[in-house]
Amino acid sequence: MATDPTAIGTTNWRSDLPSLAGRLVVLREIGPQDLGPLVDLLALSDATRFGLDEPVSEVSAQELIDRAVRERASGLSFTYVITLAGVRTVVGVLQVRQLDPSFEAAEWECTLAPSSRGSGVFLEAARLAGSFTFGTLGAHRLEAR
C-alpha cells in the first residue's frame, strides 16, 4: 500500500513503515526476503556499509535487517529497499537515522546497484525518502555523509 509521503501524521511509521511509490521506484521496508539482494549490494566495492564492521556475509546482512527493524520500532531510523516499479527487483538500500531525539536532524545513506545509476532511480528515491523525512517525521535537516 503506497502512502503519500507528504501527508503529515497519517502513519505510525514506528509500527508500520509505509511503502512509498513513484513512477520509477517503490520504497518498502527491508525484510528477510531481501537477504540475497542485500548481500549482493553490500558486496559492491563502493557500497555504503550501514554500520557493518565485519565482512559482508549472509550473517552480517541478516544482522543489518534485524537491526533495521529494531531501530525503526524504537524510532531511531528507518530503512527502505529501493525496488523498480512494476518488476519489484531490489536495486538499492536507503537508510535515514536520527541525529537528535526529536528527529529534527537526520542523516542518510544510500547504495544503488550499478545498473540503476544514472537512470533517475536515485533522484526519485531521494525525493520520496526526503518527503517522508521532512513531511511525516518533521525533520528540518537531512545530511549525507
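Q: Which residues touch the most other members of the largest nonpolar core?
A: In this predicted model, Leu27, Phe78, Ile82 and Phe132 do, out of 22 residues in that core. Two or more residues each come from β2, β3, β4 (90-98), β5 and α3 (121-136). The largest share, six residues, is from α3.

Q: What makes a set of residues like this a nonpolar core?
A: Members have to be buried residues of the nonpolar kinds listed for a core, such as Leu, Ile and Phe, joined through side-chain atoms within 4.5 Å. There's also a second, separate core of 16 residues, with Ile30, Leu38, Val39 and Leu64 among them.

Q: Why is Glu107 called buried?
A: Buried means under 20% relative accessible area, and Glu107 comes in at 19%, so the label applies. Glu107 sits in strand β5 (residues 105-112). Leaving aside residues up to four places away in sequence, Glu107 touches Gln95, Val96, Arg97, Leu99, Leu142, Glu143 and Arg145.

Q: How do you know that β1 and β2 pair?
A: Pairing takes at least two bridges, and strand β1 (residues 20-21) has two to β2, so they count as an antiparallel pair. Leu20 has Leu27 as its bridge partner in β2. Three residues lie between the two strands, which form a hairpin.

Q: What makes strand β2 mostly covered?
A: Four of the five residues in β2 (residues 25-29) are buried.

Notes. Residues are numbered from 1 along each chain as its sequence is written. This is a predicted model: local features need pLDDT of at least 70, side-chain atom pairs count only at pLDDT 80 or more; totals for chains, interfaces and linings use all residues. Side-chain values use heavy atoms; hydrogens and water are left out. Buried means under 20% relative accessible area, exposed over 50%, partly exposed in between (1.4 Å probe, protein chains only). Contact means heavy atoms within 4.5 Å.
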